[in-house]
Each structure stands twice: as structure tokens, then as C-alpha cells.
Amino acid sequence: MVENMPIIQEPSALVHFDGALFDGDPEFLAEIVNLFLATCPELLSNVETAVARQDADAVCRAAHTLKGAVANFGAEAAVEQAKKLEMIGKSGDVSQAAEVWGSLRGLVEALQPELEAALEKATEKQVST
């Protein structure tokens with residue numbers, strides 16, 4: 001039996017789980033991933049609505065919230081795009097927000113299957129222990 005089998009075999013360019021963060025704890029990983037997957041549609045909707053309304057304050061808040069959520073998984077590209085969108089909101093000039101939002105949405109949508117796969121492996125690991 002392998003004691004410290006990694007939950008994710010190969011990190012992708014979009015997401016890299018910090019092993020120290022989950023400390024080999026598949027239950028904690030499952031909890032965090034389930035929470036993210038449950039709230040992700042609302043998080044994305046909040047950003048999309050704020051961008052569509054050209055509401056700089058709402059763009060800043062929604063992007064900041066999404067940034068924190070994806071940061072839990074070390075998804076650096078998504079974190080950087082969310083930070084960029086947050087700064088756009090802070091600046092008050094949201095003329096570039098739609099373009100950045102499109103990129104961020106794509107990164108988060110690509111992250112979701114990675115998280116679902118991690119959740120499946122964490123669940124398998126829980127069952128086998």
C-alpha cells in the first residue's frame with residue numbers, strides 16, 4: 001500500500017495543488033472542492049453581471065471574490081486574470097473588463113474539470129483508507 005499517493009498525478013498548466021495546503025488530507029480537499037464547485041456558477045454570474053453593467057465597484061468586488069476562490073487551488077493563471085479584472089474595477093475604467101473577463105471565464109471553466117478529477121481521486125482515496 002502506498003501511503004502518500006498524490007491526489008493529482010500531474011499538475012496542469014492551469015492548476016497546481018499545493019500539497020502542503022491539503023497536507024495529504026483528501027477529506028479537506030473534497031470539502032474545499034465541493035464548496036468551490038457549488039458556488040462557482042454564482043461567482044461567475046456575479047462577475048459577468050458586473051461586467052455587463054459596466055459597474056466598476058461590482059467588478060472589483062466580484063473579481064476579488066473569485067480570485068480568492070481560485071487561489072485556494074493554486075490556479076495561478078486564473079488568479080492573475082482575476083487580479084487584473086479586480087484592478088480594472090478599482091481604476092474605474094472598465095473599458096477592458098469584457099476582454100479580461102472572457103479570458104478569466106475560460107480559465108475558470110478549464111479549472112472545473114481539473115477539480116472534478118481531483119475530487120474523484122480524493123473520494124477514491126477516502127474509500128480505500
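Phe36 is buried in this predicted model, with a relative accessible area of 3%, where buried means under 20% relative accessible area, exposed over 50%, and partly exposed in between (1.4 Å probe, protein chains only). Because the model is predicted, local features need pLDDT of at least 70 and side-chain atom pairs count only at pLDDT 80 or more, while totals for chains, interfaces and linings use all residues. Residues are numbered from 1 along each chain as its sequence is written, and side-chain values use heavy atoms, with hydrogens and water left out.

The structure holds one aromatic pair, and Phe36 is part of it, with Phe73 as the partner. Rings of Phe, Tyr and Trp (its six-membered ring) pair if their centres lie within 6.5 Å; planes under 30 degrees apart count as stacked, over 60 as edge-to-face and the rest as tilted. Here the centres are 5.4 Å apart and the planes stand at 70°, so the arrangement is edge-to-face. Phe36 belongs to helix α2 and Phe73 to the loop between α3 and α4, so the pair ties together parts that are 37 residues apart in sequence. Helices in this account are DSSP runs (H or I, at least four residues), numbered from the N terminus. Phe73 is buried as well, at a relative accessible area of 1%.

Trp101 makes contact (heavy atoms within 4.5 Å) with Leu44, Val47, Glu48, Val51, Leu66 and Leu85, not counting residues up to four places away in sequence.

Helix α3 covers residues 56-71; at 1.5 Å a residue, its 16 residues should span 22 Å, and the end C-alpha atoms are 22 Å apart, which agrees. The expected span is 1.5 Å times one less than the number of residues. Buried residues of α3 include Ala56, Val59, Cys60, Leu66, Lys67 and Val70.

The whole structure contains three salt bridges, each a side-chain nitrogen of Lys or Arg within 4 Å of a carboxyl oxygen of Asp or Glu. Glu86 pairs with Lys67, the closest N and O atoms being 2.6 Å apart. This pair links distant parts of the chain, with Glu86 in helix α4 and Lys67 in helix α3, 19 residues apart. Both Glu86 and Lys67 are buried. Arg105 and Glu48 meet at 3.8 Å, N to O; Arg105 lies in α5 and Glu48 in α2, so the bridge ties together parts 57 residues apart in sequence. Arg105 is partly exposed at 28%, and Glu48 is partly exposed at 42%. Arg53 bridges to Asp55, with the closest N and O atoms 3.0 Å apart. Arg53 counts as exposed at 52% relative accessibility, whereas Asp55 is partly exposed at 26%.

Finally, Gln81 is found in helix α4 and counts as buried at 16% relative accessibility. Leaving aside neighbours within four places in sequence, Gln81 is in contact with Val100, Ser103, Leu104 and Leu107.

Definitions and conventions
Helices (H or I, at least four residues) and strands (E, at least two) are DSSP runs, numbered from the N terminus.
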